[in-house]
Amino acid sequence: GFRYYVVGSCEFNSSKLNDIEFTLSYYYNKLEYIRFSSSVGKYVGYTEHGIKNAERWNNGPEVITSRGERERYCFRNVGVFTESALTKS
């Protein structure tokens, strides 16, 4: 069968909120075909299908929603992540 999945992640090296990067990657059959990165601020396609979707999504409401995910998801949880890491180190 075919596998489709989406992975969202927050990457940071310090507790400064400006250093946090949110990425949202879309995969089909283990191949990443499109990604949103908060540092770039738009979708980037890696396959022919991904490039077409990136163009469409960057001109639609999807990009505005994804830009807010860094604040909604990453900023809310950064305290939990850093507190957990500091207590174990």
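Helices, of at least four residues, and strands, of at least two, are DSSP runs numbered from the N terminus. With that in mind, the chain of this predicted model can be read along its sequence as β-β-β-β-α-α-α.

**The whole chain**

Begin with the complete chain, coloured by secondary structure. Three helices and four strands are present. Of the 89 residues, 33% count as buried. The accessible surface amounts to about 6,300 Å², and carbon and sulfur atoms account for 52% of this area. Among contacts between residues at least 6 apart in sequence, 29% join residues at least 24 apart.

**The start of the chain**

Select Phe2, which is placed in the segment before strand S1 (4–11). Phe2 is exposed, its relative accessible area being 64%.

**The disulfide**

Next, select Cys10 and Cys74 and display their side chains. These two residues form a disulfide in which the sulfur atoms are 2.0 Å apart. A disulfide is a covalent bond between the sulfur atoms of two cysteines. The structure holds one such link, and with -90° about the S-S bond it is left-handed. Are the two cysteines buried or exposed? Cys10 counts as buried at 19% relative accessibility, and Cys74 counts as buried at 2%; the cut-off for this class is under 20%.

**The loop between S2 and S3**

Move to Asn29 and Lys30. Asn29 lies in the loop between S2 and S3, and Lys30 lies in that loop as well. Most residues other than glycine have a negative phi. Asn29, however, has a positive phi of about 55° although it is not a glycine. Lys30 also has a positive value, with phi near 65°. Asn29 is partly exposed at a relative accessible area of 35%, whereas Lys30 is exposed at 73%.

Select Arg35 and Glu32. A salt bridge joins them, and their closest N and O atoms are 2.8 Å apart. Arg35 counts as partly exposed at 29% relative accessibility, while Glu32 counts as buried at 15%.

Which residues does Val44 contact, leaving aside its neighbours within four places in sequence? They are Tyr33, Ile34, Arg35 and Ala54. Val44 itself is partly exposed, with a relative accessible area of 30%. The C-alpha atoms of Val44 and Trp57 are separated by 9.7 Å, and the two residues are 13 apart along the chain.

**Helix H1 and its two sides**

Ala54 and Trp57 both belong to the group to select now. In helix H1 (residues 48–58), the residues Gly50, Asn53, Ala54 and Trp57 are buried. They lie on the same side of H1, because they cover an arc of only 105° around the axis. To see what they meet, show strand S2 (21–28), strand S3 (31–37), strand S4 (42–45) and helix H2 (61–67): the buried residues of H1 pack against these elements.

Then turn the view to the face of H1 directed away from its buried side, which carries the exposed residues Glu48, Lys52, Glu55 and Arg56. On this face, the side chains of Lys52 and Glu48 meet in a salt bridge of 3.7 Å, N to O. The two residues are four apart in H1, about one turn of the helix. An α-helix has 3.6 residues a turn, so residues three or four places apart point the same way. The relative accessible area is 53% for Lys52 and 60% for Glu48.

**Helix H3**

Finish with Glu69 and Arg72. Their side chains meet in a salt bridge at 2.7 Å, N to O. Being three residues apart in helix H3, Glu69 and Arg72 are separated by about one helical turn. Glu69 is buried, with a relative accessible area of 18%, and Arg72 is partly exposed at 44%. In total, the structure holds three salt bridges.

Conventions. Residues are numbered from 1 along each chain as its sequence is written. This is a predicted model: local features need pLDDT of at least 70, side-chain atom pairs count only at pLDDT 80 or more; totals for chains, interfaces and linings use all residues. Side-chain values use heavy atoms; hydrogens and water are left out. Buried means under 20% relative accessible area, exposed over 50%, partly exposed in between (1.4 Å probe, protein chains only). A disulfide is a pair of cysteine sulfur atoms within 2.5 Å. The arc is that of the directions from the helix axis to the C-beta atoms. Contact means heavy atoms within 4.5 Å. Accessible areas come from the Shrake-Rupley method with a 1.4 Å probe; for residues, only the protein chains shown count as cover. A salt bridge is a side-chain nitrogen of Lys or Arg within 4 Å of a carboxyl oxygen of Asp or Glu.
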